[in-house]
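Q: Walk me through a structure, one feature at a time. Give me the general idea, then the case at hand.

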Amino acid sequence: MALYSAGVEYGIHCLAFLVGNHGDTREASVRDLAELQGVPLDYLAKIFTKLAKAKLVAATEGVRGGFKLARPADEITLLDIVNAIDGRKAIFECREIRGRCALFEGLTPEWAVEGRCSIHAAMLTAQKRMEEALDQQTILDIARKVGRKAPAEFGEKLESWMNDRRDRKGASGAQTSDDQLIQVTEISN
């Protein structure tokens, strides 16, 4: 079982797509990001509601509106995204079984339960290290890694795809704006 939801993965991927070629921010609608990545639109709208509440993304106005990063990409950490989407989670829940040993015959000695459980302490240390690692990686770091890995044509195709979608939205004005999509998602929750 995964510690973090699929929403965290979707959110990180989406925010990486919102990082422009020069580390700046680009705009995209939730609808376009869902189609681009083959993820469910309704689920992604719920994720963007959480990202917006955490002030990681900001809605843009107008027919061509969508979302952009609310802060510079080098200031949005993976931990920020995880916490926005899934909330703070403990990776371990100590059930204090150390005092239930059959050898104690129902009379748990003080030495067995005094202080913090050493297993719980080890798990807290592991969680702290994991959160520190997530806090050291920014969405800009992720976008740059993808940019170095992908051929130049991919970045050009992505820009072209995004621009074509925005131009089509502007010409037709028929697509539902992300603000409306998010409001519907918030109401249905």
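Q: Is E159 buried, partly exposed or exposed, and what is its relative accessible area?
A: Buried means under 20% relative accessible area, exposed means over 50%, and partly exposed lies in between (1.4 Å probe, protein chains only). E159 has a relative accessible area of 23%, so it counts as partly exposed. This is a predicted model, in which local features need pLDDT of at least 70 and side-chain atom pairs count only at pLDDT 80 or more, while totals for chains, interfaces and linings use all residues. Residues are numbered from 1 along each chain as its sequence is written, and side-chain values use heavy atoms, with hydrogens and water left out.

Q: Which residue does the side chain of E159 meet in a salt bridge?
A: A salt bridge is a side-chain nitrogen of Lys or Arg within 4 Å of a carboxyl oxygen of Asp or Glu. Here E159 pairs with R26, at 2.2 Å from N to O. The pair links distant parts of the chain, 133 residues apart: E159 sits in helix α8 (residues 152–172), R26 in the loop between α1 and α2. Helices (H or I, at least four residues) and strands (E, at least two) are DSSP runs, numbered from the N terminus.

Q: Is R26 buried or exposed?
A: R26 has a relative accessible area of 9%, so it is buried. Its loop runs between α1 (6–17) and α2 (30–37).

Q: Which backbone oxygens does the side chain of R26 reach?
A: Apply the polar contact rule: a pair of N or O atoms within 3.5 Å; within protein, one must be able to donate a hydrogen and the other to accept it, and residues adjacent in sequence count only if both atoms are side-chain atoms. The side chain of R26 reaches the backbone oxygen of F17 at 2.6 Å. It also reaches that of V19, at 3.2 Å.

Q: What else does R26 touch?
A: Contact means heavy atoms within 4.5 Å. Not counting residues up to four places away in sequence, R26 touches F17, L18, V19, G20, N21, F67, K68, L158, E159 and M162.

Q: How many salt bridges does the whole structure hold?
A: A search finds 9. One of the pairs is D86 with K89, the closest N and O atoms being 3.7 Å apart. K89 is partly exposed, because its relative accessible area is 32%. R98 and E96 form another salt bridge, at 2.8 Å between the closest N and O atoms. E96 has 38% relative accessibility and therefore counts as partly exposed. D32, E35 and R165 are linked in a network of salt bridges.

Q: Which residues of α2 are buried?
A: An α-helix has 3.6 residues a turn, so residues three or four places apart point the same way. In α2, the buried residues are V30, D32, L33 and A34.

Q: Where does R166 sit, and what does it contact?
A: R166 lies in helix α8. Its relative accessible area is 25%, so R166 is partly exposed. Leaving aside neighbours within four places in sequence, R166 is in contact with E27 and R64. R166 and E27 are 139 residues apart along the chain, with C-alpha atoms separated by 8.9 Å.

Q: How should I read a positive phi?
A: Most residues other than glycine have a negative phi. K55 is not a glycine, yet its phi is positive, near 60 degrees. K55 is in the loop between α3 (41–53) and β1 (57–59). K55 is exposed, because its relative accessible area is 60%. E105 is another non-glycine case, with a positive phi of about 50 degrees. E105 lies in the loop between α4 (78–86) and α5 (110–113). With a relative accessible area of 69%, E105 is exposed.

Q: What is the volume of the largest pocket?
A: On a 1 Å grid over the protein atoms alone, a pocket is an open set of points where a 1.4 Å probe fits, with protein on both sides within 12 Å along at least five of seven lines; lining residues have an atom within 4 Å of a point. The largest pocket has a volume of about 540 Å³. Of its 23 lining residues, A16, A143, R144, V146 and G147 are the closest to its centre.

Q: Which helix supplies the largest share of that lining?
A: α7 does, with 7 residues. α1, α7 (139–149) and α8 each supply at least two.

Key. Grid points are joined across faces, edges and corners, and a volume is the space filled by probe spheres set on the points.
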